[in-house]
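Hi,

Here is the structure I promised to pass on.

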Amino acid sequence: MPTLTEKKPQRPATRAHGRPLPELIFGDLWEFDPAPETADPKLKARYDLFIGGKFVAPSGGKYFDAINPANEQKIAEIAQANAADVDAAYAAAKKAFDTTWGKMPGRERAKYIFRIARLLQDRAREFAVAETMDGGKPIKEARDFDVPMAAAHFFYHAGWADKLDYVAPGRNVAPLGVVGQVIPWNFPLLMLAWKLAPALAMGNCIVIKPAETTSITALKLAEIFQDAGLPAGVINIVTGFGDTGAAVMGHPTAAKVAFTGSTEVGKIIMRSLAGTDKKMTMELGGKAANIVFDDAPIDQAVEGVVNGIFFNQGHVCCAGSRLLVHEPIAAMFLAKLKTRIRTLRVGDPLDKNTDIGAINSREQLKRIETLVAAGVKEGAEIFQPSCKLPTKGYYYRPTIFSGVSMSHRIAREEIFGPVLSVLTFRTLDEAVEKANNTAYGLSAGVWTDKGSRILKMSTELKAGVVWANTYNKFDPTSPFGGYKESGFGREGGRQGLLDYCKLV
Ligand code: ADP
């Protein structure tokens, strides 16, 4: 049976061009002094629901704990909404739609959305720390990616609100009314912005439920809605578990529902809404392939593959969790990857040097452990660096499986953790066939020097996004969404707006 953890860092022979690699990479990793982020996240001890422009206690009087996955400490209490609270949220949204937001000219709506973006920028550092404490992602990601990108989504859609005549040229567009939205825990604030900004720009009012393990930044954003003077009821935030989510998705007032989460829950929601006239968009799971040809810029591709799967602990639906590498360079590429992941720092997410933070919950950590154990059992070869992990909190070492075949569970199932499965291919057709041989189709990456190959691959890959010589790049102007069991509908860009309006 292969060992689960590498015992001692091995010194790989040489670089591809024959020079030995510098010593410091292969001894113990340099010890950096702790560099914790110090901004005050200004957390409240208890967060209530946000309904009709006010924070209100849940009618059932129940609260649940928000746990910091980095140290398992309770950081706040979150209100648990029941069906009556969801009703109240929809009533507030309907009233706002009928009396204020739905009637307001787009150029006026734009001012509020713009204000939300600016206020979020003003409090960016505070939001980044809160996001890291609640969800476990490294502060450098929350600070440099999640929060600025969330603000960018509000800015971009503020720009659209007075230009809606250009969303569907030749047609008039109108808002749908009240929309219900449920989001997951991997990008709590960013997913919120993806969902809220286009719906607001189009003139809809909203009831949204964040994930149970990451509700805090949504409720902090509600403080910004108040500061921005957003009319009461335009956005309502209900927190809770799956039953609250089901109540949001199934509510008769919702003209449209938008869900991001697991394919399993997406299917449950679709079944429960079959036969209704609700519009629906689903952004579900993924099992993306990063495809590296022998003429790729190798060191950039190594970085791209590492970024694609170890970024945000692999808690990314479009994570490049499969590497398809061209056979002639497979051994060399794998050696470089192993060398690179030995230098990744796993630990306190609030430390500015941390590359891989905490796994979001104990439950998610167990799911990762189960699938990794299945990979070992099915005969794939595992590699994990010998980095130290904190004794408290939920952590997982970056993991690479080689010798993986298409039938292995680790090649087919979404792991949602820092685990990469490596497969090889000989021809372009074989790469396309293997990449598409999955139930999912959210994203893919192609690494090659040849533009013609990129064009051919991006046509043949059944994935909503195909990145070329890069990975995990996002922009509010660019639509994002899936094929097959990865869902339907698009978020971002003009296409994203089309999913929040009716053509009249
Ligand atoms: P993940 O596997 O990423 O945790 P889930 O699909 O379980 O994804 O959860 C995503 C979101 O869906 C969360 O906000 C969760 O509370 C919510 N949810 C879970 N079950 C249901 C359901 N039956 N109906 C609606 N929402 C649900």
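Strand 7, helix 5 (residues 188–201) and strand 8 make up a β-α-β unit that is right-handed; right-handed here says that, with the strands pointing away from the viewer, the path from the first strand over the helix to the second runs clockwise. Helices (H or I, at least four residues) and strands (E, at least two) are DSSP runs, numbered from the N terminus. Before you go further: this is a predicted model, where local features need pLDDT of at least 70 and side-chain atom pairs count only at pLDDT 80 or more, while totals for chains, interfaces and linings use all residues. Residues are numbered from 1 along each chain as its sequence is written, and side-chain values use heavy atoms, with hydrogens and water left out.

Back to strand 7. It pairs with strand 8 (residues 205–209) in the parallel sense, over five bridges, with valine 178 opposite cysteine 205 of strand 8. Strand 7 also runs parallel to strand 10 (residues 256–260), joined by four bridges, and there glycine 180 faces valine 257. Two strands count as paired if DSSP finds at least two bridges between them.

Is strand 7 buried or exposed? Five of the five residues in strand 7 (residues 178–182) are buried, where buried means under 20% relative accessible area, exposed over 50%, and partly exposed in between (1.4 Å probe, protein chains only). Val178, Gly180 and Val182 point one way and Val179 and Gln181 the other way, and all are buried.

There is also an open sheet of three strands, in the order 1-5-4, with mixed pairing. Strand 1 (46–47) and strand 4 (63–68) are at its edges with a single partner strand each, so one side of each has no neighbour in the sheet. Strand 4 and strand 5 (residues 73–79) are antiparallel, paired over six bridges, and aspartate 65 has glutamate 77 in strand 5 as its bridge partner. In the loop between strand 4 and strand 5 sits glutamate 72, whose phi is near 65°, a positive value in a residue other than glycine. Glutamate 72 is partly exposed, at 25% relative accessible area.

Asparagine 312 has a positive phi too, near 55°. For context, most residues other than glycine have a negative phi. Asparagine 312 is in the loop between helix 9 (298–310) and strand 13 (322–326) and is buried, with a relative accessible area of 1%.

On to the aromatics. Rings of Phe, Tyr and Trp (its six-membered ring) pair if their centres lie within 6.5 Å; planes under 30 degrees apart are stacked, over 60 edge-to-face, and the rest tilted. The count by this rule is 16 aromatic pairs. One of them is phenylalanine 50 with phenylalanine 225: their ring centres are 6.3 Å apart and their planes at 50°, so the pair is tilted. This pair links distant parts of the chain, since phenylalanine 50 is in strand 2 (residues 49–51) and phenylalanine 225 in helix 6 (residues 216–227), 175 residues apart. Phenylalanine 50 is buried at 3% relative accessible area, and phenylalanine 225 is buried at 1%. One aromatic cluster is formed by Phe145, Phe187, Trp194, Phe311, Trp467, Tyr471, Phe474 and Phe480.

The charged end of arginine 345 is 3.8 Å from the ring centre of phenylalanine 32, and lysine 44 lies over the face of phenylalanine 55, 4.0 Å from the ring centre. The rule is NZ of Lys or CZ of Arg within 6 Å of the ring centre and within 35 degrees of the ring normal.

Cysteine 318 is buried at 2% relative accessibility, and cysteine 387 is buried at 17%.

Last one: glycine 379 is in the loop between helix 11 (362–377) and strand 14 (381–383) and is exposed, at 55% relative accessibility. Glycine 379 and proline 390 are 11 residues apart in sequence and 29 Å apart in space, C-alpha to C-alpha.

Cheers
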